[in-house]
Amino acid sequence: MVELYTQYTYEKRWQKTSQKDVLRMIKEEMPETDAQATLKYILAQIEKGKIITLGECRFSSKAIS
């Protein structure tokens, strides 16, 4: 299980976040999308070391300084 870290674009710090909270964030940022499918995509990409941006929120598998 990969760890999830999130950061809003206006924040400086990354925070460890639960999948439940990430689903809520996805629903807030993009209510017209399938949140569960979007979460699967985010998890697949961050496992590869990528940072995914969705609206005002960024997702990563590690806290970046």
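Select Ile-42 first: this residue lies in helix H2. Helices (H or I, at least four residues) and strands (E, at least two) are DSSP runs, numbered from the N terminus. The model is predicted, so local features need pLDDT of at least 70, side-chain atom pairs count only at pLDDT 80 or more, and totals for chains, interfaces and linings use all residues. Residues are numbered from 1 along each chain as its sequence is written, and side-chain values use heavy atoms, with hydrogens and water left out.

**Stop 1**

Is Ile-42 buried or exposed? Ile-42 is buried, because its relative accessible area is 1%. Buried means under 20% relative accessible area, exposed over 50%, and partly exposed in between (1.4 Å probe, protein chains only).

Now show what surrounds Ile-42. Not counting residues up to four places away in sequence, Ile-42 touches Leu-4, Ile-26, Ile-52 and Phe-59. Contact means heavy atoms within 4.5 Å. For contrast, select Arg-13: its C-alpha atom is separated by 19 Å from that of Ile-42, and the two residues are 29 apart along the chain.

Next, select the largest nonpolar core, which has 16 residues. A nonpolar core is a set of buried Ala, Val, Leu, Ile, Met, Phe, Trp, Tyr and Cys residues joined through side-chain atoms within 4.5 Å. Leu-4, Ile-26, Leu-39, Ile-42, Ile-46 and Phe-59 touch the most other members. Two or more residues come from each of H1, helix H2 (35–47), strand E3 (52–54) and strand E4 (57–60). Which element gives the most to this core? H2 does, with five residues. In soluble globular proteins, nonpolar side chains tend to be buried together.

Click on Ile-46. Leaving aside neighbours within four places in sequence, Ile-46 is in contact with Val-2, Glu-3, Leu-4, Ile-52, Phe-59, Ser-60 and Ser-61.

**Stop 2: the sheet**

Color the strands. They form an open sheet of four strands in the order E2-E1-E4-E3, with antiparallel pairing. Two strands pair if DSSP finds at least two bridges between them. E2 and E3 are the edge strands, each pairing on one side only.

Turn to strand E1 (residues 5–8). Two bridges join E1 to E2, and these strands form a hairpin with six residues between them. Tyr-5 stands opposite Lys-16 in E2. Thr-6 has Gln-15 as its bridge partner in E2. On the E4 side, four bridges join E1 to E4, and Thr-6 stands opposite Phe-59.

Look along E1. Tyr-5 and Gln-7 point one way, Thr-6 and Tyr-8 the other, and all are buried. In a regular strand the side chains alternate between the two faces of the sheet.

**Stop 3: Thr-17**

Select Thr-17, in the loop between strand E2 (15–16) and helix H1 (19–29). Why does Thr-17 count as buried? Thr-17 counts as buried because its relative accessibility is 13%.

Show the side chain of Thr-17. A polar contact of 2.7 Å joins this side chain to that of Thr-6. The side chain of Thr-17 also reaches the backbone oxygen of Gln-15 at 3.0 Å. A polar contact is a pair of N or O atoms within 3.5 Å; within protein, one must be able to donate a hydrogen and the other to accept it, and residues adjacent in sequence count only if both atoms are side-chain atoms.

Finally, show the other neighbours. Not counting residues up to four places away in sequence, Thr-17 touches Leu-4, Tyr-5, Thr-6, Val-22 and Met-25.
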